[in-house]
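Please examine the structure shown below, together with its sequence.

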Amino acid sequence: MARVGSVTLLCAALLCVTASVSGSSALLQMLPELLPAGPVCRRQMQLPSETSGAFLAHVCDSKQRLNDLLLEAGLPEQPEAPAAPTLVRPATFTLEDELPDRVTAESFGDEQPEWAYEVAAWLAPMQQSVSNELCRQQSRAYLEELNSARPWALSMHDASGKLPDGFFYGNNNMLGSFDECLRVKAKLNDTVYPGISDTSFVGQYCQATISSTLAPVQASEGLQDDAQDLGLVPFLPFKVINLVTGSVVTTAPLRYGYCIPSSCTKQDVMASLDEWLDSRNGTFLYVSDVRCHTDGEKATLETNDIVVIALLAVFGVVVVLCTTLDVVGIYVTRAAKTSSGDAIVGRAESAFAPANWQIVHAFSLRYNGKRLLSTRTGSDNLGCIHGMRFLSLTWVVAGHNYIFALGGGAWNNTAYILEIIKAPAIEVLMNGLLSVDTFFCLGGIMVAYTFMKTVAAKGGRVGLMDVPMMYLHRYLRLTPVYAVVVAITATIIRRIGTGPGLGMVMENLAVQCQISWWRNLLYINNYFNYEELCVGQSWYLPVDFQLFLLSPFMIIPFVYNKKIGAVWLGLLTAASVAIPATVIYQKDLPPTTMFFNAMAAAKTEDMFTDFYVVPWCRASPYIIGIITGLILHHIKTNKVAITIPKAVNLATWTVMAAMALTIVYSTHQWNKDPQATYTMAEAVSYGSLHRLGWAIAISWVVFACVTGYGGFVDTLLSYKAFIPLGRLSYTTYLVAVQVQCWYFASYRIPSAFGNTIMVYSFLTNLLISMVLATVLSLCFESPMMTIEKIIFPKRQSKPNTKKGIDNPGLQDTPLEASTRF
């Protein structure tokens, strides 16, 4: 290691000294000496020509050619004149002779995967079939100038992606240099190229996604050496071990960055590259997408962009104005009291009385910030709910961080995933879908608890308008800030930042929202194609909303007859287990969603559509939560003294912890070994029962903490700092995925995937998400809640001292705790 470091430092020092003394020419002359041919090329020279294979021949010949070009570039630059270039130009690069429509494909077999290198040989759209004549001419001129070792052409070639290090370890990101390409400025000699109408152009970076139509192959075929024992895999580079699902190796897309003349369009690139690929290897490779960028490009704002920006600006002006009035009002009040000799109240008071100026308070950052940061609670506050909400949110964000990192990040070691998933600690994230069931359970608890408080306040009866107003409140509580997030995702989010893959990812998010935004606002987006989900994580909201619509019909029988209500809830619980079991059996689904298991991954889409996002398969945690909420309300209202012996309490905690850990780690055997199989009995039993068991464990935690048997767990979860953090969980959930997608798509060069970088990116993304969530909460969520109170003042719960019912203590509007996700 020390020797390698010394050599590296020596090379760096030599480069610096040479650059400072001799300038760029001397540096270029020196580079070939610092770029050895490599051991694989030296080994190739020692092998008989018939066994070396065309692949190594191309690689080694290219390296030698690059060295020659660098040497030529190191010579004094020749004056731009019609004199012949120093190096001989291949006939295919000349402007005088048009290329044929198709390049004759050379025959190749498994022992000669020539096309594996030829993909890198495509540099610009130059075929005759390219309809853009200027693009075709400038591309050919670029190749001629590259052959003449012109510095700007070398820079363009240098900025284009090439076969990378770690290719056989899953590095399928040949991104090139985005920033270097955008800084290229080319000026062709008019005398040498008289037929080109525009001899000036700049570098344009285009990232092409190259996919394969081949079916996945067995992993046993993929890692075997070829007959010459050169360590080459015939189907590479496209059957790279990028995402291994058991015995199947997927044909992962290859991301390739090209630096081409700015006159070319993405259509030119797609047509030319598709033709080139087809001519080299038949029809199994194609260009699935191309995105191009130039320096100083200006995004053209569309009508919807302008509308959203205008609305946000209006809200911003209103917030600033109301905050200013509120703050000025405080100082006016204080000044008036000081001049009159009245005592100044310790807390801040505004000159605008709430009864007359509530709209000012509704949009005041000071007022809303004070409410957000408040930690005051009522006498019957369910304190542990706050901590459980926030910690479960961090679990969700951590799991998403791995998902979107693997799906959107540029990694040079994706085969390392196989090693990571074997670690037992990672199973908490691999089976992190349980975090969502925690929120379903907490939602059921709070719905039942607050519903029964409303019923008790009205003498044990359900009013005619109680249920409709309950629905209206829920919609008004969730939708305004949700609509803002959908609008931003559909428009301006794609205008933020630059990078080789950023535009592609964010544009896809925007297009999905432009197509299906109305489904989100109607809370029916879980019944449509999952590929069209706007704000992908929002699938939870319609499922939760639909369960909420059914909740009164689950609770009302219990209100009027507790025995009948208990039997009804028991039947619903049994049905919530039987229905998922039936769906899994009939549709042959896996026990749960598993991305790295061969059997489960093949049915991921069916699992998501038919099971994961439908309320009848996710109801068991919600129903268990409702039962728990009814029990807690009964205990609180009637002040029932719960006595649990220490031994029983300890035994119950032990059993619940063991059950929760068993549920989490039962999938480890299927996740750590991608080739592991499961039986239908295992799929049905785990798939139908594990959410029920998880909800029972969560409900026990809440029950024990509320009744005084939570110990240090209650102390942790009821810590007052979790109260404001818990209030941000809903808006944080709405923006976290967009933040994570943006972060990983902004990578300009491939990076090494690992748990350390995942922890850092998780903490960074969580913090940024919470900052954005705070802005959304203060500017949109809290104002809409206050306006709802102004419109429907009778929705405030009135205390009933006769029955010992106090303020819910959450410092939120009714049901808010159940909607904070």
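Predicted model: local features only at pLDDT ≥ 70, side-chain atom pairs only at ≥ 80, totals over all residues.

Residues are numbered from 1 along each chain as its sequence is written, and side-chain values use heavy atoms, with hydrogens and water left out.

A disulfide is a covalent bond between the sulfur atoms of two cysteines. Here the term is applied to a pair of cysteine sulfur atoms within 2.5 Å. By this rule the count comes to four disulfides.

Helices (H or I, at least four residues) and strands (E, at least two) are DSSP runs, numbered from the N terminus. A residue is called buried at under 20% relative accessible area, exposed at over 50%, and partly exposed in between (1.4 Å probe, protein chains only).

The link of C135 and C264 is right-handed, with 95° about the S-S bond. Because C135 belongs to helix α5 (residues 133-147) and C264 to the loop between β7 (254-261) and α9 (266-281), this pair ties together parts that are 129 residues apart in sequence. C135 is buried, its relative accessible area being 0%, and C264 is buried as well, at 3%.

For C181 and C259, the torsion about the S-S bond is about 90°, and the disulfide is therefore right-handed. This pair links distant parts of the chain, with C181 in helix α7 (residues 178-182) and C259 in strand β7, 78 residues apart. C181 is buried with a relative accessible area of 0%; C259 also counts as buried, at 0%.

The torsion about the S-S bond of C206 and C292 is about 110°, so this disulfide is right-handed. Two strands are linked here: C206 lies in β3 (residues 200-212) and C292 in β8 (residues 285-294), 86 residues apart. Is each of these cysteines buried or partly exposed? C206 is buried, with 1% relative accessible area, whereas C292 is partly exposed at 21%.

Two further cysteines remain to be mentioned. C322 has 10% relative accessibility and counts as buried. C384 is in no disulfide, and the nearest cysteine sulfur, which belongs to C705, is 4.4 Å away. C384 counts as buried, at 1% relative accessibility.
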